[in-house]
Structures are given as C-alpha cells and as structure tokens.
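Dear colleague,

Here is the structure that I promised to pass on to you. My notes on what was found in it follow below, and I would be glad if you read them alongside the model.

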Amino acid sequence: GRTDSCCAAGLHWTARADLKRKRMSIKHIAIGKYTIRDWREDDAASIAQYANNKRIWINLRDAFPHPYSLADAKAFLSKAMQMEPITYFAIASDQEAIGSIGLMPGDDVHRLTAELGYWLAEPFWGNGIMTKAVRALSEYAFRELGLLRIFAEPYTTNAASARVLENSGFTLEGVIRASVFKEGRILDQNLYAKLNKRALQN
C-alpha cells in the first residue's frame with residue numbers, strides 16, 4: 001500500500017553551527033488547503049492519534065516510536081519547539097496537525113547539505129499534500145538557508161515516497177544496498193537529491 005512517509009524520524013540530530021546563525025522559523029507556508037507551520041503544544045493529541053500507525057512507522061527509522069503514545073508526542077514537541085534553529089515543522093489543516101516534515105542539517109564539509117524526512121496521517125494519503133510540502137520546504141531551505149543539496153533515503157519498498165520525491169523535483173542518484181535492518185528485514189534505500197541550481201550557477 002502507499003504511505004506518504006519517508007526516512008528520517010525523531011530528533012536524533014543536533015543543530016549545526018552554520019545554521020544556528022540563520023533564522024528558520026517558518027510560521028506559515030500555504031500549500032493548497034493545508035499549511036507548513038511551526039509546532040505548537042496543542043498538537044500533541046493529533047500527533048498521538050495519527051502517528052500511532054504501523055503503516056507509517058514501517059517506512060521510518062526506529063527512533064520513531066511504535067506504538068506511539070501521547071507521552072511520545074509531548075516529548076517530541078518539547079524537543080522540536082526548543083531546537084535552534086527550528087528545522088522540523090508541522091503539516092496542518094485549519095483544525096489540527098496531520099503530519100511532519102523536517103530537515104536534518106549536515107556538518108563539517110556537509111554543512112550545506114541536509115537530509116529530508118516526513119510523514120503524513122493515513123486519512124490524507126493520495127491527495128498530493130506531501131508533494132506540495134516537499135516542494136515548498138525545499139525551496140524555502142534553498143532560499144533562506146543557502147543549502148546546496150537536500151537528499152532523502154526512502155526504503156526501496158516505499159514506492160509512494162519515491163513518487164513524492166520525483167514529483168517534487170528530486171533525482172534518483174543511486175541505490176544504497178543492504179543499508180537498513182527494519183523489523184527483521186534487510187532493506188535497500190534509494191538515494192534521492194535535489195540541488196539548489198540557482199546557487200550552483202553563481
């Protein structure tokens with residue numbers, strides 16, 4: 001089945017010095033009927049409701065809990081809202097948070113690169129929401145952070161996430177063989193990337 005979720009999960013990275021000098025608090029980016037916005041404490045209930053889904057968890061790293069409880073949601077929000085800079089955001093309707101999208105910045109020689117991760121609540125799959133979110137966040141990060149490259153590493157079993165990335169302008173650069181051990185299975189990952197072409201032309 002299709003799942004609009006990919007790759008990185010949890011808050012297992014640290015903000016890098018280069019990005020700390022840049023402000024990245026989105027506040028509000030419209031993506032059709034939905035928005036990308038900063039997380040709020042009152043998002044905990046909807047996160048716990050929607051994230052407690054094995055069909056989402058199966059395509060994410062094990063840092064993303066399963067089962068997913070209200071306590072997990074509150075712990076996530078506590079960390080996400082204190083990040084400096086903020087690089088993890090809610091995807092939301094007018095009523096509630098329905099998913100998450102974020103960037104995990106690199107460091108050292110990879111400081112102008114970031115990894116993309118995301119998930120979307122199952123009732124909202126198949127409506128093009130995540131494609132719009134990935135496009136919008138990528139362009140925002142290129143413009144505001146000066147990143148040169150954003151990449152994602154969905155499992156090769158996750159065809160829906162591959163379509164999201166391809167429809168968002170990401171290019172398949174290769175396959176990372178036997179790189180994942182998830183729920184007793186050894187999996188490959190696709191390596192997708194999108195480049196900041198305007199910056200690279202300068």
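A crossing of two helices is called left-handed if the near helix is turned anticlockwise from the far one by less than a right angle, and right-handed if clockwise. Helices (H or I, at least four residues) and strands (E, at least two) are DSSP runs, numbered from the N terminus. The model is a predicted one, in which local features need pLDDT of at least 70 and side-chain atom pairs count only at pLDDT 80 or more, whereas totals for chains, interfaces and linings use all residues. Residues are numbered from 1 along each chain as its sequence is written, and side-chain values use heavy atoms, with hydrogens and water left out.

Of its 202 residues, 53% count as buried (under 20% relative accessible area, with exposed meaning over 50% and partly exposed in between, for a 1.4 Å probe and protein chains only). Among the contacts (heavy atoms within 4.5 Å) with a separation of 6 or more, 70% are between residues 24 or more positions apart.

The helix pair H2 and H4 comes next. Helix H2, residues 44–51, is mostly covered, with 6 of its 8 residues buried, namely Ala44, Ser46, Ile47, Ala48, Tyr50 and Ala51. The cover over these buried residues includes helix H3 (54–57), helix H4 (70–80), strand S5 (97–105) and strand S6 (113–120).

In H4, the buried residues are Ala73, Phe76, Leu77 and Ala80. Seen down the axis of H4, they fall within an arc of 95° and so line one face of the helix, the arc being that of the directions from the helix axis to the C-beta atoms. Ala71, Lys74 and Lys79 are exposed on the other side of H4. The buried residues of H4 pack against H2, strand S4 (88–92) and S5. One of them, Phe76, has a relative accessibility of 11% and therefore counts as buried; from C-alpha to C-alpha, Phe76 is 9.6 Å from Phe64, which is 12 residues away in sequence.

How do the two helices meet, and at what angle do their axes cross? The axes of H2 and H4 come within 8 Å and cross at roughly 125° (axes are lines fitted to C-alpha atoms, for helices over the stretch in contact, and angles run from 0 to 180 degrees between N-to-C directions). That makes H2 oblique to H4, since angles under 35 degrees count as roughly parallel, over 145 as roughly antiparallel, 65 to 115 as roughly perpendicular and the rest as oblique. The crossing in which H2 passes H4 is right-handed. Where they meet, Ala44, Ala45, Ile47 and Ala48 of H2 are in contact with Leu70, Ala73, Lys74, Phe76 and Leu77 of H4.

Two further residues deserve a note. Lys182 is placed in strand S8 (residues 171–182) and is buried, with a relative accessible area of 3%. Its side chain reaches the backbone oxygen of Trp57 at 3.1 Å, and, leaving aside neighbours within four places in sequence, Lys182 is in contact with Trp57, Ile58, Leu60, Arg61, Asp62, Tyr155 and Leu187.

Ser93 lies in the loop between S4 and S5 and, at 14% relative accessibility, counts as buried. Not counting residues up to four places away in sequence, Ser93 touches Tyr34 and Ile98.

With best regards

Definitions and conventions: A polar contact is a pair of N or O atoms within 3.5 Å; within protein, one must be able to donate a hydrogen and the other to accept it, and residues adjacent in sequence count only if both atoms are side-chain atoms.
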